[in-house]
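I opened a new structure today and jotted down what I looked up. Here are my notes.

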Amino acid sequence: MYKNRNSDGSLNISGRKIAKLRKSMIPKTSQKKLADMLQLEGLDLDKNAIQKIECGKRFITDIELKVLARALHVSADWLLE
């Protein structure tokens, strides 16, 4: 049987780190602002998608992870640890 959920029931392992990084950005960055930053990078995610990713209710594709890492100035590997 395949496991599509993390041990805590979330659908991704990076959401909490993404939320923490976003909140620690200077100036403090909202989910809407992060969505705007991602759109400038060519990734079409809205505030609602960011919210679902951060609380673990949405999967993250490899393409999304790569762009999120670039926007947050970390490596995709770090987000996956």
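First, a term: helices (H or I, at least four residues) and strands (E, at least two) are DSSP runs, numbered from the N terminus. I'm looking at a predicted model, where local features need pLDDT of at least 70, side-chain atom pairs count only at pLDDT 80 or more, and totals for chains, interfaces and linings use all residues. Residues are numbered from 1 along each chain as its sequence is written, and side-chain values use heavy atoms, with hydrogens and water left out.

**Overall.** I got five helices and zero strands for the protein chain.

**Helix 3.** I went to residues 47–54 next, and found Ala49, Ile50, Ile53 and Glu54 buried there. Buried means under 20% relative accessible area, exposed over 50%, partly exposed in between (1.4 Å probe, protein chains only). Down the axis of helix 3, the buried residues fall within an arc of 130°, so they line one face of the helix. That arc is taken from the directions from the helix axis to the C-beta atoms. What do the buried residues of helix 3 pack against? I found helix 1 (15–24) and helix 2 (31–40). After helix 3 comes Gly56, with a positive phi near 80°.

**Glu54.** I picked this one out of helix 3. Its relative accessible area is 10%, which makes Glu54 buried. Leaving out residues up to four places away in sequence, I noted that Glu54 touches Gly15, Arg16, Ile18, Ala19, Arg22 and Gln31. Contact here means heavy atoms within 4.5 Å.

**Whole chain again.** Buried residues make up 40% of the 81 residues in the protein chain.
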